[in-house]
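Me: I'd like a close look at a single part of this model, please. Take your time and walk me through it.

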Amino acid sequence: MNRALPDVRLRVPSDEDAFAWHRIFDDPDVMKFHGGRAAELSVYEELTARQRRHDAERGFCLWTMLEESGEVIGFTGAQPWPREWGPEGEIEIGWRLGRAHWGKGYVTAAALATLERLRAAGVPRVVAMVMSADERSIAVTRRLGMEPAEVLTHPTLEEPAHCYRLDL
Ligand SMILES: CC(C)(COP(=O)(O)OP(=O)(O)OC[C@H]1O[C@@H](n2cnc3c(N)ncnc32)[C@H](O)[C@@H]1OP(=O)(O)O)[C@@H](O)C(=O)NCCC(=O)NCCS
């Protein structure tokens, strides 16, 4: 890919970012691989608060992404795998982008910046869990040089989820 990556800014999610995430992710395309329905505001309040704790404890988290004008467009970053199934004990990289901003390379740019920050923090490897039908996320893992590893069944969605891995 020879196209220039877009400028994207990353910041630790603020209290207000919970409202922005709630608003921009309220879209069936965005939620297709997260149960299909918009999540409550309280989900994003808990998620953003948890990211502030990760930042304080580890120096990285799922960061709020802002485009050139300062508009919040989604999140990308890393956190300890948060569930009781799957790659427990690993650091996962994750992303979610408002529908209006797909197709411009924002998540690839933010994920590459995330990998640099994780290397600087001494994290040895990362995983990404991707639903097998989520072709856009699979394309992101490919652009990052991640390798497909084990396939698991998502316990509540009961669909295959693929674990991608990358040594840093
Ligand atoms: C997964 C998701 C983040 C991918 O978004 P995306 O815009 O396709 O990904 P990127 O930001 O990396 O951009 C890649 C796109 O920008 C284009 N692009 C433009 N310039 C580019 C550049 N310099 N580098 C890379 N891609 C570029 C690519 O061609 C590609 O578009 P295309 O597939 O239409 O050809 C988005 O679809 C999403 O949020 N989905 C919701 C579901 C979800 O959250 N999944 C994650 C669960 S793990």
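To start with, is Asp29 buried or exposed?

Reply: Happy to. This is a predicted model, in which local features need pLDDT of at least 70, side-chain atom pairs count only at pLDDT 80 or more, and totals for chains, interfaces and linings use all residues. Residues are numbered from 1 along each chain as its sequence is written.

Your question comes first. Asp29 counts as exposed, because it has 10 C-beta neighbours inside 10 Å. The scale behind that word is this: a residue is buried if 20 or more other C-beta atoms lie within 10 Å of its own, exposed if 12 or fewer, and partly exposed in between, with C-beta atoms placed from the backbone. Asp29 sits in helix H2 (residues 28–31). Helices (H or I, at least four residues) and strands (E, at least two) are DSSP runs, numbered from the N terminus. In space, Asp29 and Gly98 are 9.2 Å apart, C-alpha to C-alpha, although 69 residues separate them in sequence. Leu5 and Asp29, in turn, are 24 residues apart in sequence and 23 Å apart in space, C-alpha to C-alpha.

Now for helix H4. It covers residues 106–120, and its end C-alpha atoms are 21 Å apart, which agrees with the 21 Å that 15 residues should span at 1.5 Å a residue. The expected span is 1.5 Å times one less than the number of residues. After H4 comes Gly122, whose phi is positive, near 85 degrees.

The buried residues of H4 are Tyr106, Val107, Thr108, Ala110, Ala111, Thr114 and Leu118. They pack against strands S1 (9–11), S2 (62–66), S3 (72–80), S4 (91–97) and S5 (125–131), and also against helix H5 (135–143). Contact here means that the C-beta atoms of two residues, placed from the backbone, lie within 7 Å.

Ala110 also has a part in the largest nonpolar core, which has 36 residues; Ala110 and Met65 are those with the most contacts inside it. Such a core is a set of buried Ala, Val, Leu, Ile, Met, Phe, Trp, Tyr and Cys residues joined through C-beta atoms within 7 Å. Helix H1 (17–24), S2, S3, S4, H4, S5 and strand S7 (160–167) each supply at least two residues of this core. In soluble globular proteins, nonpolar side chains tend to be buried together.

Ala109, in H4, counts as partly exposed because it has 19 C-beta neighbours inside 10 Å. Leaving aside neighbours within four places in sequence, Ala109 is in contact with Leu5, Pro6 and Val8. Leu5 lies in the segment before S1 and is partly exposed, with 14 C-beta neighbours inside 10 Å. Leu5 touches Gly105 and Thr108 as well as Ala109, not counting residues up to four places away in sequence. Ala113, also in H4, is partly exposed too, with 18 other C-beta atoms within 10 Å. Ala113 and Gly77 are 8.7 Å apart in space, C-alpha to C-alpha, and 36 residues apart in sequence.

Finally, the ligand. Of the 24 residues around it, Arg3, Gly105, Val107, Thr108 and Arg136 come nearest; a residue is near if its C-beta atom, placed from the backbone, lies within 6 Å of the molecule. H4 supplies at least two residues of this shell, as do S4 and H5, and H5 gives the most, with 5 residues.
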